[in-house]
Amino acid sequence: MRVRLSQGEYIIAAGRPHARSLWKPLALAGATGAAAGYALGWLGRDTLPGQLAEWSPYLQPAVIVLALLVLLRYCLPPVLCWFTGRIILTDRRLIRRQGVLLRREHEIALAAIYQLEIRQTVTDRMQRSGTLVLDLGHGRIMQYPAVPEVHRFRSLVVSAIGQLPLTAMFDGVDIEGDGGYDYEGRDYD
């Protein structure tokens, strides 16, 4: 799905969340495949004990079905969520998309961001990823977990905020003119 951009808006950076969230489903998929292969090999022996030999034609498909159920329930959804997740930075907004069947999209205007913070664990620092925390003021906090190259992405966001026209941040008040006001809002002419 493409991003609908406003007139003159352009994409600065776009990517998926860091792939670190895939290690658990991939490890489970490997363990499931190994266990299913071992069980199928063991059930395919000629020297199975009495009644187990009679049930072997039914147990082998059951092992395959059980392995497929584990893969479909616990391995495929996290991979699909990662694959469909996107973090998009344009020159005016920050967009996060995620979800397969239930699609969620969250947009934040760059002018609404007061502060950016990065949170990293030791493993995050080793992988150069982390959580980007956006302070939107009035106690509103947004977190973007698993951002790859989080320091570089933060600098891109700060640079994009710096490129915004100053009037976009102050509800249309032109602060670039000389104004003729002192700090308390009085006319000093």
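This is a predicted model: local features need pLDDT of at least 70, side-chain atom pairs count only at pLDDT 80 or more; totals for chains, interfaces and linings use all residues.
1. Length of helix 1. The helix runs over residues 23-43, which makes 21 residues.

2. Buried side of helix 1. Pro25, Thr32, Ala36 and Leu43 are the buried residues of this helix. They cover an arc of only 35 degrees around the axis, which means that they sit on the same side of helix 1. An α-helix has 3.6 residues a turn, so residues three or four places apart point the same way.

3. What the buried side meets. The buried residues of helix 1 pack against helix 2, residues 50-84.

4. Exposed side of helix 1. Trp23, Leu26, Ala34 and Tyr38 are exposed, and they are on the other side of the helix.

5. Is glutamate 9 buried or exposed? Its relative accessible area is 7%, and the cut-off for buried is under 20%, so glutamate 9 counts as buried.

6. Glutamate 9: polar contacts. Its side chain reaches the backbone nitrogen of serine 6 at 2.9 Å. The side chains of glutamate 9 and threonine 90 are joined by a polar contact of 2.6 Å.

7. Glutamate 9: neighbours. Leaving out residues up to four places away in sequence, glutamate 9 touches Thr90, Asp91, Arg92 and Arg93. Of these, Thr90 is the partner in the side-chain polar contact of 2.6 Å.

Definitions and conventions: Residues are numbered from 1 along each chain as its sequence is written. Side-chain values use heavy atoms; hydrogens and water are left out. Helices (H or I, at least four residues) and strands (E, at least two) are DSSP runs, numbered from the N terminus. The expected span of a helix is 1.5 Å times one less than its number of residues. Buried means under 20% relative accessible area, exposed over 50%, partly exposed in between (1.4 Å probe, protein chains only). The arc is that of the directions from the helix axis to the C-beta atoms. Contact means heavy atoms within 4.5 Å. A polar contact is a pair of N or O atoms within 3.5 Å; within protein, one must be able to donate a hydrogen and the other to accept it, and residues adjacent in sequence count only if both atoms are side-chain atoms.
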